[in-house]
Amino acid sequence: MNIKKYLTLTRAGILEGLQFRLSALVMVVGNLLYLIVVYFLWKAIYASAGTDVVNGMTFSDTLIYLVLATALYAFMEMYIVWMMGRDIQSGKIVLDLLKPMEYRRYMFWSYSGSFVINFFLTFLPTFIVVTIVTGGAIHLGLNLLLFVVSVVMAVSINYSFDFLVGTICLYSESIWGINIMKQVIVLLLSGATIPLAFFPEPLKTIVSYLPFQAVYNTPLSLLLNKNPDWQTILISLGTQAAWVVAMYIITKIFWKISIRQITVNGG
């Protein structure tokens, strides 16, 4: 595998992202406003509960989890679905399919530059501020390494979700409603909106068998767990790795079947 050609796409993505500084600023401000709403919402929830600990999490634990989940979402959020939908509707996808690189791989590396920008503009500053403000509530040790490994796999799973939904555009030629539904489902069942600890037991058990929780809940659980046992670590990372492979195979098969349906520009 020639990594140089992939890094060229990453560099191009970084340069393209730097041309839209206002967009990055709007995203940062939007996330800040969202976090303000989250703070007062959960403060009211804990006040009404009349206890400092709800479902095993204190208000501080919950807030740290949700702040980092928001930063992680800003870092990992992709617009692959919109890109694929636009390319299918315009017919540009035909030219992309002629490129000497698998389409799925080409789309990922074309967007990889945005990961770099979002990491330095959103997640890293948020992580540093949270670590300082909370007075070291986030333990910096093996859990940080496990978090990095987990995030890499989470990015792969999240990309597979997007590519799967984007492929549906080959049939519908309109993706807006489907993508909005996908975002709601992923954010809710991954623990990005509400920590999975607050889910009722039957639903929590069901969600633990689904791939969504491997996107946000698993990385954050590994990061915030100060004393994880090796059994928990191996199960968490093993489950993620299994979903990485499973989602890759599913999207590859679905794409291979769906590409026969392409009808752009009267195709």
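In the predicted model, helix 3 (59-76) comprises 18 residues and spans 25 Å from its first C-alpha to its last, close to the 26 Å expected at 1.5 Å a residue. Of these 18 residues, 14 are buried, so helix 3 is largely enclosed by the rest of the structure.

Helix 3 also takes part in the lining of the second largest pocket, to which it supplies at least two residues. The space in this pocket amounts to about 750 Å³. Its lining consists of 27 residues, and those closest to the pocket centre are Asn217, Leu220, Ser221, Leu222 and Asn225. At least two lining residues each also come from helix 9 (201-208), helix 10 (217-224) and helix 11 (230-258). The largest contribution is that of helix 10, with 6 residues. By class, the lining is made up of 13 nonpolar, 11 polar and 3 charged residues.

The salt bridges in the model number 6. One of them joins the side chains of Glu102 and Lys252, with an N to O distance of 2.9 Å. This pair links distant parts of the chain, 150 residues apart: Glu102 lies in the loop between helix 5 (93-97) and helix 6 (103-133), whereas Lys252 belongs to helix 11. Glu102 has a relative accessible area of 28% and is therefore partly exposed. Lys252, at 37% relative accessibility, likewise counts as partly exposed.

A second pair, Lys182 and Asp162, forms a salt bridge at 2.6 Å, N to O. Here too distant parts of the chain are linked, with Lys182 in helix 8 (residues 176-189) and Asp162 in helix 7 (residues 142-172), 20 residues apart. Lys182 has a relative accessible area of 10%, under the 20% limit, and so is buried. The value for Asp162 is 1%, so this residue is buried as well.

An α-helix has 3.6 residues a turn, so residues three or four places apart point the same way. Lys204 is partly exposed, with a relative accessibility of 29%. Apart from these pairs, a network of salt bridges links Lys92, Asp96 and Lys99.

Technical notes. Residues numbered from 1 in each chain as written. Predicted model: local features only at pLDDT ≥ 70, side-chain atom pairs only at ≥ 80, totals over all residues. Heavy atoms only, no water. 1 Å grid on protein atoms, 1.4 Å probe; cavity = no way out; pocket = protein on both sides within 12 Å on 5 of 7 lines; lining within 4 Å. Points joined across faces, edges and corners; volume = space filled by probe spheres on them. Helix = DSSP H or I, 4+ residues; strand = E, 2+ residues; numbered from the N terminus. Nonpolar A, V, L, I, M, F, W, Y, C, P; charged D, E, K, R; others polar. Expected span 1.5 Å × (residues − 1). Buried < 20%, exposed > 50% of the residue type's maximum accessible area, 1.4 Å probe, protein only. Salt bridge = Lys/Arg side-chain N within 4 Å of Asp/Glu carboxyl O.
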